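Subject: The two-chain model, with notes

Hi,

Here is the structure I promised to send over. Please open it alongside this email, and my notes follow below.

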Amino acid sequence: MKNSVMISVKGLVKYYGTMRGVDGVSFEVRAGEIYGLLGPNGAGKTTTLKIIAGLLKPTAGEVRVMGISPVEDPVAVKKLIGYVPEEVVLYDSLTVMEFFEFVASVRGLDQSVWSWINTLMKSFEIMQYMYTPIGALSQGTKQKVAIIAALMHKPKILILDEPLKGLDARSARIFKELMQLHIKNNGAILFSTHIMDIAESICTRIGIIYNGKILAEGSVEDLRRMANEPTGDLEEVFLALTREREEVSHIIEELRRELSR
Amino acid sequence: MKRRLKELWKYSGILYREMLYRTIMLQQTYASTDPEAVKKVSRSATQMLYIHKILMLMMVIIMILSTVFFINYLPIPTSPEIKTLSIALAFLSYISLNAFLLFFLSIVQTSILLSPDLYQPLLMLNFSDEELSIIALLAYLRIFDAYVFGSLILTVITFTFMVNPLTAMLLAISLGATHLITLWVITAISKSYLRFSAPELSKVRLLIKILVIIGYTLVFALLYVIPFMINNVLPIIIKEFSSLPQIYRTILLYLPPLSIAYLAAIVYVGTINAQSLVYLSLSFAIYLIISWRCYKGILKIILAVPYTSWPTPQPKTVIPKEFRVGKYFQGLLIKDFKLLIRQVNYAILLFLGPVLFAVYAIIYHVMEMPPMMLVSIMYPIVLVLSMSAVNILGIEGRAAEFLLSLPVSLKDIAKSKSLLITFSYIIFGLSATGYFAIFLKDQIVYGIVVLINTLGMFVGSYKIIRKAIRYTIETGVLLTDLSKNISFLLYVTGIAILFGILPLVITSIIMILARPIQEALLTAIALQLGYFITYKLSK
C-alpha cells in the first residue's frame, strides 16, 4: 500500500566497545520512496544499514522491517530485502553463474528466475563473464554481480550502501532507472551515500547523519528551509546543517596559503 | 632519486605487516568488519610478527637439542656401520623437520605476498621498478628471516661445540640448501595458487584436480609422518635398510638428501673412505646445484611480483548452459563443497583421513608392526578430523558477510559445514573398513564402528562449529584467536573425545576383554541414539 511504513527505526544505538557508532537514530522509510542517508565517512551510515539488514545487533533501540524485527527474526527480514554492501566481497572461486545459482537456491527461487537474471546481466553488460570466476572480475563488475544478486528475488525493500561506487556511467544510469521503477511499483529503498549530487538527484527524502545522529530530515526543499539556504545546493545545505562551513572555509584558506608558498 | 637499502628495508617492513594483517583477515570469518574487529586484527598482526618468529626459533632449538642428544646417547651400543647409519638418519630427520616447519610457516604468507594488489599503494608512489622488486624481496625475506638464519646460526654454533666443526659446517650447508629448495617449492605453489584455485569447468579437469589434491595430501602426510617416525622407529628402519640388497642400499645412501646427512655422519663417526667420499661429495655438489637453481627460481618469481598480474581467465563469448537452481539446503551444501574443493589448504581435509591411514598402513606392512599400532592411529585421525571442524569455517573467507546477508540461519550454516567434515570422515571410514576387510579381517570391527559413528561425527562437528560461530559473532572473538581461547579449546577437545573417539575407545575395551564383537557394534549404535538426542536438544 502506498505510504505504508516499510522500515521503522527508533532510538537506534550501537557501540563498538567504548566507541559510539550510532547514537539514537530514528527515521521511517515508506513505500514508494527512496530515503537517502547522507553523511561523511564514519558518520554511522553503514552501521545503521547493517543493523536494519540483520547483520549487526544494536546496543539499544528498535528496528522493524515490514513489522518484523531483524533482531528477533533476522532470516525473515533477509527474505524481504535486497542488500548491497558497501564493500562487495563475494566468493572468488565461484563463477558468476554458480554464484547466482547459489543465491537463487537459498532464496528459494525456481528456474523461472533465470529470465530476470538474464535481463539484468544483459542490462549491466556482464553476460560475457557468466563463467568467469568472481575473483578475476574488476571491482565494478563485482558490484554489478552484487546488485543483480540483491534484485534477483524482486524484493519489496532495497538496502543499498553506496551502490553506485565503481559503476560505469552507463550502468549507473540503468541502475538509477531501476530504482525509480522499483519505487513506482510501491517498493522502498534505503540508500546511503556521501556524494551530495547523487543524493539530490535520486532521493525522495534525505536524512543527514553526522557523528551517529540524524541532524535533519526531509526533502531537499525541507532541508534548504532548515538550513536557511533557499537557493543553495545540497552541499551548502549539508555544510550549514553540520555547522562545518566555517571549518571548511578555514581549511581551504590554509591549503591555499600552503600551496602558494 | 635512488634510495638506500636501509630505507627500502623500512618500506618492506610496512609491506610485511600489511601481509600479516591480510593473513589474519583471510582466516577471519563471521566477525564483522567493525572498527573494533579491525583494531583487533591489527593488534594480532603485530603480535603475530613476534610470536611467530620466537615460536619458530624455539622449535629450532628443540630440534637441535633432540638431535644432539640422540647422537650423543645412542640407545644401544652399535657397530660403526650401524652407528653411522643411525646418525645419518638423525641428521636427515633434523633437516627434513626443518623443511617441514618452514613449509607450514611460510606457505600462506608467501601466497599473500605474491598477490599483485598488495603492491597497489606502493605503485602509486615514486619507486622505480628495481626498488619495488627489492622491497618485495626484502618483505619476502622477512617471512622466514629469523627462522632460516636462526636455524643456520644455531646449527653452526651448537654442532660445533657439541659435535665437531666440520660436521657443523656440512649440516649448516645442507640445511641452507634444503631451505632454498623448500622455499622454491613454496613460492612456486603460491604463484600457481590463483590458477589452481580457479573453478574447473569440465569433469576431466575436476578429476585431475582431485588427483592432484590427493597427491598433495600424500606429500603433506609423508612430511608429517616421516620425520617424527625416524626417531621412534629407527631400529626398525635400520633393520629394514640393512636387509636391502647392497645395490639399493648404495643408491639410497648416495641420493640426496640422505647422502648429505650420510656425509655429515661419516665425517662425525670417522668411517670415511676415499671411494664413498668421492661419491658423496659428487651427490652433495648436485644437491647444491639444485638448490642454486631453486634460488634463481625464487628470485625470478619474487622480483617479477610488484608489476606482474598473474594470468586470469579472459572473458569470452559464452553459450549459456542450463541455470540449475537447487533446494535451499542443497544450494548451501553445493556452494560449500565447491569452496572446499577449490581451496587447496581446505581440500586437504577431504582426504586427510584416508591418506594418513594409507601412509600408516604402508609403514605397518613394511615394518611388520603389531595390528594394534595401525588401529591406534585411528584415534588421532578421528580426533584431527573432529577438531578441524573449526578450520572449515574458513572456507567462507571474507565473503561470510555476504552469506549472512542472505536468508540463511546460522544453524544451517553450521549443518552444511558439519556435513563436509562428516563426508571426509565417511571417506576415511570406508577406506579403513576396506583395508581391514582385505588385510586384517580380525580388526574390521574398528572400521565398522567408525562408519556407524557417522552421526556422532556429524553432531560433534555441528556443536563445535555452532560454538565457533557463536564466539565469533556474538563475542567478537576472531576466528584466528579461537586457538588461544582455553575454554573453547577444552570444549572442542571434550566434544572430539565424546563424539568422535568414544565409540572407538569402547570398542578397544570390548576387544581387550575378548567380548563378542556384537557388543561393540550395539554400543556404537546406542551411542548414536544419544548423539541424536543431544542434536535435537541443541538450541
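A term to start with: pLDDT is the predictor's confidence in each residue, on a scale from 0 to 100. This is a predicted model, in which local features need pLDDT of at least 70 and side-chain atom pairs count only at pLDDT 80 or more, while totals for chains, interfaces and linings use all residues. Residues are numbered from 1 along each chain as its sequence is written, and chains are lettered from A and ligands numbered from 1 in the order in which they are written.

**Confidence**

Chain A has an average pLDDT of 90, with 99% of its residues scoring at least 70. For chain B the mean is 81, and 82% of the residues reach 70 or more. Helices (H or I, at least four residues) and strands (E, at least two) are DSSP runs, numbered from the N terminus. Among the elements of chain A, the lowest mean pLDDT, 82, belongs to helix H9 (residues 234–241), and the highest, 96, to strand S5 (residues 81–84). Where pLDDT is low, the predicted coordinates should not be read in detail. The complex as a whole gets an ipTM of 0.91 and a pTM of 0.75 from the predictor.

**Where the chains meet**

Two residues are in contact if their C-beta atoms, placed from the backbone, lie within 7 Å. By that rule, 37 residues of chain A are in contact with 39 residues of chain B. On the chain A side, helix H2 (74–80) and helix H3 (96–106) each supply at least two residues. H3(A) gives the largest share, seven residues. What is this side of chain A made of, in nonpolar, polar and charged residues? It divides into 23 nonpolar, eight polar and six charged, where Ala, Val, Leu, Ile, Met, Phe, Trp, Tyr, Cys and Pro count as nonpolar, Asp, Glu, Lys and Arg as charged, and the others, Gly among them, as polar.

**A helix pair in chain A**

The axes of helix H8 (residues 220–227) and H9(A) come within 9 Å and cross at roughly 45°; axes are lines fitted to C-alpha atoms, for helices over the stretch in contact, and angles run from 0 to 180 degrees between N-to-C directions. H8(A) and H9(A) are therefore oblique to each other (under 35 degrees is roughly parallel, over 145 roughly antiparallel, 65 to 115 roughly perpendicular, and the rest oblique). Residues making this contact include A:Leu223 and A:Met226 of H8(A), and A:Val237 and A:Leu241 of H9(A). The residues of the contact comprise eight nonpolar, no polar and one charged.

**Chain B**

Chain B has 22 helices and zero strands. Helix H6 (residues 165–191) and helix H12 (residues 274–303) of chain B pack at about 35°, their axes 8 Å apart. Among the residues that meet are B:Leu180 and B:Trp184 in H6(B), and B:Cys294 and B:Ile298 in H12(B). This contact has 13 nonpolar residues, three polar and one charged.

Of the 539 residues in chain B, 41% are buried (20 or more other C-beta atoms within 10 Å of a residue's own; exposed means 12 or fewer, partly exposed in between, with C-beta atoms placed from the backbone). B:Lys536 lies in helix H22 (residues 517–537) of chain B. Because B:Lys536 has 8 C-beta neighbours inside 10 Å, B:Lys536 counts as exposed.

Best wishes
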